[in-house]
Every structure is written in structure tokens, then in C-alpha cells.
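Let's take a friendly look inside a protein and at one of its sheets. Keep the structure in view as you read.

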Amino acid sequence: MRIAICKTNSEAAALGAAEILTALRRKPDLVLGLATGSTPVGIYQILIRAHRNEGLDFSRVRTFNLDEYLGLGATHPQSYRAFMNRHLFDELNIPPEQRHFPPTEGDRLEEKCVRFEEAIRAAGGIDIQLLGIGRNGHIGFNEPTSSLHSRTRVKTLTPKTLRDNARFYSDGERPPQTAVTMGIGTILDARRIVLQAFGPPKADAIHAAVEGPLSSFWPGSALQLHPDVLFLLDEEAASRLSMREYYRQAWANEEEMRKAGVL
Ligand code: PGA
């Protein structure tokens, strides 16, 4: 687990975007696992600038989004499809047929979830998975007590998540109570994971994910099982980490070794 404690969100976004841009230059048909929410937007803005200003080509990139609400419909402004169009897809040249979302339309969703997992495998697996984390430690919509081996499936959202999401809906509108999400097992299959978290509300979830015991009650702690996770945090999200001075020192040492070509 690598942990960068950044001075600003933009420093974290630059580090996250650099992971993607470096990988894309090596592998033009990169497979990206994408996240929604406020956290990844800074990374998306840097990817858009690289496409616009440097002509970086995304036409062979395949994407798989982490989650999507049930019952909103793709064109609802709060659907994650609409979010991704607004914040990324409308500005890049990834062909629509190469963008994948967990299935939320029609019936037989369990069968469609199996096919979504098959599509990830057919693409060769996810190279880099972007993640945020909820205040309750959820990754994707894997709420507390989600199986650490779970795969893509329908999940009922917790009251805490519903409260966090309520601000996006107008008075009288009922926010979706369920979503389809990649499972924790699906996320752990990605080759590399980049998780960003900013602000005091994320401090407990980050503490549990990095230093807590492995527990389905804090789904982010499952990342301890993954061999290549990068946490990009601000000071506030890192504030409850008891070994944060060590993480700073380890990050600085490893950066130096990377520059010197030792790593
Ligand atoms: P946020 O959400 O990026 O809007 O903080 C993250 C999450 O709940 O997974």
C-alpha cells in the first residue's frame, strides 16, 4: 500500500492522473475502472486537458464504471451515466460502445451482472481502478457488511449513504434506494487501485481502511488484501492515521528511489 498525503486536492489529482496517463502511453487500449462522486473530478479534468492540449488519444480505451443507481434511467441528471458524460465522456474520444456500466435496465439483472463481469474479463481485466470512499467506508456501493468476495450485484443503500446523496435531489424527489455495484471481489481483481479521499468526513473511513482490522464492516479495509493500492489523501482525510509521519517518510524515500532509477 502506497500512501501520499498531499497539501491540496489538485496535487492528489495530478498524482492520480499521472498514473493513468503513464499507463495509457504504454498501453493505448488501457482498461479503466471509473468512479463518480466529487472526488475523481480533478483527475478527469487533467485527462481532458491531456486530450485537448496534447492530442492524447483515448479511442482504444475501454471503461467500466463502478456502480449505477437502479430506477433512475440513463438520462436522469443524477444517473452515473449522465455524470460521466458531463465530467468526462463528452470531452474525450472514447467510443460509446467501449464504455460499460453495471446493468440497471429491464429485468433478469442477476444474469446481466454475470455478463458485466464477463465483459471485464473479456477486456483482459481492469488495469487501473479509480475509487473514492464513503464516510461509512463503502467502496463502490459495497456498504458495510458486504462480502469481501462479492461480485457485481444489486445492493440496498444504507441510511447514511442516502443522507449523503439527498443533497443532489430536489425537494419531494425520492433518491434511489438501491444500486448495482461491482463487488469487493471485482474491485480487488483490478491490477492497480487508486483511491482518493479528501476532507474531515473521510478520516474515520481512511483510518479503518489503512490501519483498521480487515472487516466487512469497513469495506475499504479489503484493500489491505490488494498488492498495488495507492491512497491519495489530503491532510484532513489522513488526520486519524497513527503512522502518518512514517507514510510521509516512506513516500518521500520511494520518490527519491524512483527518480534515481532504483525502483
Ligand atoms: P464522494 O463520494 O467522492 O462524493 O466523496 C465517494 C463515495 O461515497 O464513494
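## What lines the cavity

Sorted by class, the residues around the largest cavity are six nonpolar, three polar and no charged ones. Keep in mind that you are looking at a predicted model.

Which residues are they? The lining of the largest cavity is made up of A35, T39, P40, I43, L130, L131, G132, V194 and Q196. Two strands, β6 (128–131) and β9 (192–197), each supply at least two residues of this lining.

## How much empty space

Why can we speak of empty space at all? Rolling a probe the size of a water molecule over the atoms shows where empty space is left. How many cavities of 30 Å³ or more does the structure hold? There is one, and the volume of the largest cavity is about 40 Å³.

Now let's turn to a sheet. Strands of a sheet pair through backbone hydrogen bonds, and they may do so in a parallel or an antiparallel way. Here, three strands make an open sheet, ordered β4-β8-β7, with antiparallel pairing. At the edges are β4 (67–69) and β7 (153–156), each of which pairs on one side only. From one strand to the next, the twist averages 30 degrees.

Which residue of β8 does D67 stand opposite? D67 faces T181 across the pair.

Methods. Residues numbered from 1 in each chain as written. Predicted model: local features only at pLDDT ≥ 70, side-chain atom pairs only at ≥ 80, totals over all residues. Heavy atoms only, no water. 1 Å grid on protein atoms, 1.4 Å probe; cavity = no way out; pocket = protein on both sides within 12 Å on 5 of 7 lines; lining within 4 Å. Points joined across faces, edges and corners; volume = space filled by probe spheres on them. Helix = DSSP H or I, 4+ residues; strand = E, 2+ residues; numbered from the N terminus. Nonpolar A, V, L, I, M, F, W, Y, C, P; charged D, E, K, R; others polar. Pairing = 2+ DSSP bridges. Axes fitted to C-alpha atoms, helices over the stretch in contact; angles between N-to-C directions.
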